[in-house]
Amino acid sequence: MASDSRLTQKPLLETLRGKKQPRPPIWFMRQAGRYLPEYRATRARADDFLSLCYTPKLAKEVTLQPVTRFDLDAAILFSDILVIADALGQSSRFEDGLGPVLEPLEPYDITRLDGQNIKIRLAPVFQTVSDVRASLSAEKTLIGFCGGPWTVATYMVGGKSSNDQAKARLFALRHPESFARLIDILVEASIDYLTAQFEAGADCVQVFESWALNLDEGMFFDEVIEPNRRIVDGVRDRVGSAVLIGFPRGAGANLSSFAERTGYDAIGLDQMVPLEKVDSLVGKSLPVQGNLDPIRLVAGGPQLDRRIEEIISAFEQRPHVFNLGHGIVPETPIAHVEQMIAGVRGH
């Protein structure tokens, strides 16, 4: 099914390859999530969040739910960026209302991480990719993903989400050799992980560098740009036709260097990137994805319609995938999602 499906034109995938479509294809980050009653029902059948990620039958179910409900142009694998940390052997769990909780790494812990068996330990995820591809319409794009090395490292070092990533930044500055080794491990694990997703049937992948903020230009180059460039090169060495999206949330003025130096086929834009600055930051031909503020989607109403029109108009001369500037939030009304999709399709 995977090889046959790739012979059918997929508007979203073609956009990422640089071919502008009559209307922007649409998917949105965290599209399978708590705002959907069907997701909540499926989640209740799993013992915990990681069990949901590692149970192919359930993960497939939630991956397909938003595509079935909204007829979106893509499905994105249901998993989490921290399954790599879990597969490397770091103690990880997810607590309701708190999110991921990990045992924070110390410099001497780096040598204990085991990246040799990523494909074995994450085999249930690859089974989910294969099962989704077998059930997904041929014209729909299947998106795989992983977390960016810097972003995953901030959780592994800090033990939880952080607004300033201070623990990871201090670790990188105080223990540069240990932190460089951690990044090396994450880069190699990410290459293995993404390659296996392509082999299982993914059409493209996105690397979520969700905490690409709070870094000066030197650290941004060392901890964000270079590791992402190595992932792009490493995946392409193994999968020559690989299409990759880079999403450096909060990169700000560093976005230009990221787009130029990493080699991604398309760049995801957060809502903080001014529409009129995009051409100067990422060039006029590189496909872009984004960038509706998720809170505008919560609010709905006329302002939502206006902003959708502004975004589409700003990118009408270039390949553009319509998306949010970050993940959809749980309190988002389904009617507003329907309003957004209608607005994009009616442009």
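Which helix lies across E4 and E5, and at about what angle to E5 does the helix run? I will answer that after a word on the model.

This is a predicted model, in which local features need pLDDT of at least 70, side-chain atom pairs count only at pLDDT 80 or more, and totals for chains, interfaces and linings use all residues. Residues are numbered from 1 along each chain as its sequence is written, and side-chain values use heavy atoms, with hydrogens and water left out.

Now the answer. Helix H9, residues 149-158, lies across E4 and E5 and runs at about 50 degrees to E5. Helices (H or I, at least four residues) and strands (E, at least two) are DSSP runs, numbered from the N terminus. Axes are lines fitted to C-alpha atoms, for helices over the stretch in contact, and angles run from 0 to 180 degrees between N-to-C directions. Contact means heavy atoms within 4.5 Å.

Next, the sheet. Seven strands form an open sheet with parallel pairing, in the order E1-E4-E5-E6-E7-E8-E9. At the edges are strand E1 (74-76) and strand E9 (320-324), each pairing on one side only. On average, neighbouring strands of this sheet are turned by 25 degrees against each other, direction ignored. Two strands pair if DSSP finds at least two bridges between them. Strand E4 (residues 141-147) and strand E5 (residues 204-209) run parallel and are joined by five bridges. Phe145 has Gln206 as its bridge partner in E5.

On to the core. A nonpolar core is a set of buried Ala, Val, Leu, Ile, Met, Phe, Trp, Tyr and Cys residues joined through side-chain atoms within 4.5 Å. Buried means under 20% relative accessible area, exposed over 50%, and partly exposed in between, with a 1.4 Å probe and protein chains only. The largest nonpolar core has 123 residues, and Met156, Leu182, Tyr193 and Met340 have the most contacts inside it. H11 supplies the largest share of this core, 13 residues. Leaving out residues up to four places away in sequence, Leu182 touches Leu105, Ile110, Leu113, Ala153, Met156 and Val157.

Ser190 lies in helix H11, residues 176-200. Ser190 counts as buried because its relative accessibility is 1%. Beyond four places in sequence, Ser190 touches Ile84, Cys146, Gly147 and Ile231.

Gln271 is in the loop between strand E7 (266-268) and helix H14 (278-282). Its relative accessibility is 28%, so Gln271 counts as partly exposed. Among the residues that Gln271 touches, not counting those up to four places away in sequence, are Asn291, Pro294 and His326.
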